[in-house]
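Welcome! Take a moment to look at the chain below, and then we will walk through it together.

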Amino acid sequence: MSKVNRIKCTAKISGMMDEYYASMNERKHLAWCMGPVPYELIQAMGVSCFQSESSSARISGGHDQAPFIEYGQANGVNADICSYAKIN
């Protein structure tokens, strides 16, 4: 079995994500989605989908969640709810 070149994989995925977020600026309509949503149907109507759970994971993965959580709590988000919800 051949060994996976993680540097090449990471570079390809990074570029895909950059393209994904850049393409959202090109469309007029954007749906913020959570949970099991039929993304293909929404995209077929020309609407971009932004899955907020993925955004929360990306922010948390970069250890950048503190300002989002502080902002949410300062603006009425309950301190006892899930941190992913506070980041959204």
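What follows is a short tour, from the overall fold to single residues.

This is a predicted model, in which local features need pLDDT of at least 70 and side-chain atom pairs count only at pLDDT 80 or more, while totals for chains, interfaces and linings use all residues. Residues are numbered from 1 along each chain as its sequence is written, and side-chain values use heavy atoms, with hydrogens and water left out.

**The overall picture**

Let us begin with the secondary structure: the protein chain has five helices and two strands. Here helices (H or I, at least four residues) and strands (E, at least two) are DSSP runs, numbered from the N terminus. Along the sequence, their order is α-β-α-β-α-α-α.

How much of the chain is buried? Of the 88 residues, 20% are buried. Buried means under 20% relative accessible area, exposed means over 50%, and partly exposed lies in between (1.4 Å probe, protein chains only). The accessible surface of the chain comes to about 6900 Å², and carbon and sulfur atoms own 59% of that surface. Such areas come from the Shrake-Rupley method with a 1.4 Å probe; for residues, only the protein chains shown count as cover.

Contacts tell us about the fold too, where a contact means heavy atoms within 4.5 Å. Among contacts with a separation of 6 or more, 33% join residues 24 or more positions apart.

**The core**

Which residues make up the largest nonpolar core? Its six members are Ala31, Cys33, Tyr39, Ile42, Val47 and Cys49. A nonpolar core is a set of buried Ala, Val, Leu, Ile, Met, Phe, Trp, Tyr and Cys residues joined through side-chain atoms within 4.5 Å. Strand β1 (30-33) and helix α2 (39-44) each supply at least two residues of this core.

**One side of a helix**

Now turn to helix α3 (residues 52-61), whose buried residues are Ser52, Ser55, Ser56, Ile59 and Ser60. These residues lie on the same side of α3 because they cover an arc of only 130° around the axis, the arc being that of the directions from the helix axis to the C-beta atoms. Serine 55, one of them, counts as buried because its relative accessibility is 17%.

After α3 comes histidine 63, in the loop between α3 and α4 (66-74). Histidine 63 counts as exposed, because its relative accessibility is 68%.

**Pairs brought together by the fold**

| Pair | Separation along the chain | C-alpha distance |
|---|---|---|
| Glycine 72 and lysine 86 | 14 residues | 5.7 Å |
| Alanine 85 and serine 56 | 29 residues | 8.0 Å |
| Serine 55 and isoleucine 87 | 32 residues | 8.5 Å |

Glycine 72 sits in helix α4 and is buried, at 7% relative accessibility. Alanine 85 belongs to helix α5 (residues 83-87) and is partly exposed, with a relative accessible area of 37%.

**A patch on the surface**

Finally, look at the outside, where Ile13, Met16 and Met17 form a nonpolar patch with about 300 Å² of accessible area together. Patches are made of residues with over 30% relative accessible area and no salt bridge; like charges are joined within 9 Å, and nonpolar side chains (Val, Leu, Ile, Met, Phe, Trp, Tyr) within 5 Å. A salt bridge is a side-chain nitrogen of Lys or Arg within 4 Å of a carboxyl oxygen of Asp or Glu. Methionine 17 lies in helix α1 (residues 6-24) and is partly exposed, with a relative accessible area of 32%.
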